[in-house]
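Please walk through this structure with me, from the whole chain down to single rings and strands. Keep the sequence at hand.

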Amino acid sequence: MDQQLYGLQVNYVSEHGHYMVLTFPHGEQEELSSFQVNMLSANRIPRLLELQVEAKDGQIRLHYNITGKRMLAYWLRMEQLTLRSYYSLLLRIVEILDDSKVYMLQPGRYVLKEEYIYCGSGLQDLYLTYVPKNNLTGKHPVSSDIQQLASRWIHRVTELHGNGFQELMRYLQEDSFNLPELKQLLHNQLNLLEETPAAVPSGIPSSLELPEKPSAVDRKIMEKPQERREFDDMQHAQAVSPILSTDEVYEARGREENRHKKKQLWIVLLTVLMWGLIWKLYADQPQELMLYVCAGLTVLFGAAALVFLRRIRHAAGTEAEDEPSVEDWAPDYGDAGGDGGFFSRIGLAEPVQRKEPLKEEIQPVEPFPSLTPAPDLAMRTMLLSPPDATVFLGRPARKEKRAAPFLEFFRDGVRQQACIQKPGFVIGRAADEADLIHAEEGVSRLHAEILQDQEGYGIRDLGSLNGTTLNGEALVPYQVQPLKEGDIVKIVTTEFTFKMGS
């Protein structure tokens with residue numbers, strides 16, 4: 001399983017360190033930019049992978065030192081991003097591209113893919129791959145590469161607010177794109193985050209969309225100017241954080257209830273105050289006529305207060321009836337289970353208990369009650385009512401075959417199997433990111449990955465601390481080795497046998 005990058009063959013070697021090697025095809029030596037090679041050799045350029053050029057047997061190989069570093073792709077699988085770290089990560093890459101002009105390097109020759117960006121101590125300790133080749137086959141413009149990175153990484157962000165992502169996408173599509181302006185845009189977004197730290201949670205999958213119909217509570221909230229602005233901000237975030245969370249719906253509902261309670265309290269207080277003023281008049285002029293007047297006013301204000309209180313309660317009850325439940329916010333996907341289809345997609349559905357049919361409801365019907373068929377009727381004949389009639393019951397049923405390949409291993413003395421049903425199948429101890437959780441001591445969070453391409457299946461170690469072996473041979477980190485039937489992959493002390501599952 002050859003790895004290719006812009007027409008160059010990619011390999012990994014572990015000799016006096018760990019290196020990524022890009023090999024030029026035969027006859028393309030002239031494609032190497034000697035000026036830029038000299039620039040890279042004469043200067044230790046910050047945030048670039050250290051490069052050594054080797055010319056041997058008529059081939060040119062570029063050796064990039066990745067000792068002690070790890071692919072950004074696997075950092076991102078292990079870590080969630082905040083909106084601040086998302087913009088900071090993009091800004092870090094743009095700064096590296098822009099600063100390289102000091103060394104007369106071209107931003108278009110950086111490899112802006114997660115598999116070729118490496119991290120040292122963390123996400124801010126980045127190292128990029130620069131290819132000093134005159135023509136990179138299939139290379140996209142810098143703006144397109146950054147746009148693809150930004151689009152993939154936004155799904156790792158834990159909270160979203162504002163319209164910064166939309167502004168970023170629009171700018172990356174403009175013909176006037178340049179790195180200094182992009183840097184300024186990212187700085188502006190970080191400054192806005194300093195001023196507005198509040199965020200909208202995005203725990204719901206991004207494939208869902210916000211319903212167009214707002215609730216009665218939301219309509220009340222949107223009438224207030226300040227809160228309307230906050231709602232607009234949330235609307236801008238819907239492209240990547242599509243619906244409001246359940247907590248926010250309940251919070252808005254609680255604000256409405258508190259508002260009604262405050263109105264009721266004010267009416268009671270004003271009524272008591274008016275009663276006090278009325279009877280103070282009687283205390284100043286204790287006459288029989290004044291007694292009747294004060295008594296009448298007391299009854300009048302009390303009745304008015306009751307009317308207002310009933311109206312407020314009626315309004316609150318009407319809003320409660322209009323307010324949809326959380327399930328009503330969920331889009332209808334045509335699931336046979338009704339509203340449960342939405343919540344089953346996000347893991348919140350209650351298990352449905354299906355009732356067994358009553359015996360009285362379904363009466364078994366036997367076409368030939370007088371006959372008792374043999375247990376296996378395949379390729380047999382049966383004597384039916386007409387004495388000369390036979391029936392062919394078909395070929396023997398074939399045993400169901402396993403289509404997908406799988407790993408066979410023993411855990412606690414019990415043989416188990418794990419089907420490989422995706423092109424990138426990760427083994428590790430990270431419950432959130434690994435496809436096969438292997439919690440043995442010494443296993444890395446993301447330890448090894450089984451890959452699938454047109455040529456078949458392969459495996460690579462993901463820079464794990466204790467390594468991975470294939471048929472007793474240690475794998476070079478990130479180097480893909482082909483897998484075939486019966487190969488044994490060993491991680492720490494556990495052996496996994498690869499089966500094609502024909």
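**From the whole chain to its rings and strands**

Of the 502 residues in the protein chain, 40% are buried. Buried means under 20% relative accessible area, exposed means over 50%, and partly exposed lies in between, with a 1.4 Å probe and protein chains only. The model is predicted, so local features need pLDDT of at least 70 and side-chain atom pairs count only at pLDDT 80 or more, while totals for chains, interfaces and linings use all residues. Residues are numbered from 1 along each chain as its sequence is written, and side-chain values use heavy atoms, with hydrogens and water left out.

The protein chain has 12 helices and 23 strands. These are DSSP runs numbered from the N terminus: helices are H or I with at least four residues, strands are E with at least two. Among contacts in the chain with a separation of 6 or more, 61% come from residues 24 or more positions apart. A contact means heavy atoms within 4.5 Å. The accessible surface comes to about 30200 Å², and carbon and sulfur atoms hold 53% of it. The areas come from the Shrake-Rupley method with a 1.4 Å probe; for residues, only the protein chains shown count as cover.

Now the rings. How many aromatic pairs does the structure hold? There are nine. Rings of Phe, Tyr and Trp (its six-membered ring) pair if their centres lie within 6.5 Å; planes under 30 degrees apart are stacked, over 60 edge-to-face, and the rest tilted. One of the pairs is Tyr74 with Tyr478, stacked at 6.3 Å centre to centre with 20° between the planes. Tyr74 lies in helix 2 (residues 72–78), and Tyr478 in the loop between strand 20 (473–474) and strand 21 (481–483), so this pair ties together parts that are 404 residues apart in sequence. Both Tyr74 and Tyr478 are buried. Ring pairs also link them with Tyr12 and Tyr118 into a cluster.

Trp279 and Tyr282 make an edge-to-face pair, 5.8 Å centre to centre and 80° between the planes. They are three residues apart in helix 9 (residues 246–284), which puts about one helical turn between them. Trp279 counts as partly exposed because its relative accessibility is 34%. Tyr282, at 25%, is partly exposed too.

Charges meet a ring at Tyr127. The charged end of Arg47 sits over the Tyr127 ring, 5.2 Å from its centre. The charged end of Lys69 sits over the ring of Tyr127 as well, 4.7 Å from the centre. The test is NZ of Lys or CZ of Arg within 6 Å of the ring centre and within 35 degrees of the ring normal.

Five strands form an open sheet in the order 16-15-17-18-21, with mixed pairing. Two strands pair if DSSP finds at least two bridges between them. Which strands stand at the edges? Strand 16 (436–437) and strand 21 do; each has a single partner strand, so one side of each lacks a neighbour in the sheet.

Strands 15 and 16 run parallel, joined by two bridges. There, Ile427 stands opposite Leu436 of strand 16. Strand 15 (residues 424–428) pairs with strand 17 (residues 448–453) in the antiparallel sense, over four bridges. Val426 has Glu449 of strand 17 as its bridge partner. Glu449 also stands opposite Arg460 in strand 18. Strands 17 and 18 (the latter residues 456–461) are antiparallel, with six bridges. A hairpin of two residues joins strand 17 to strand 18.
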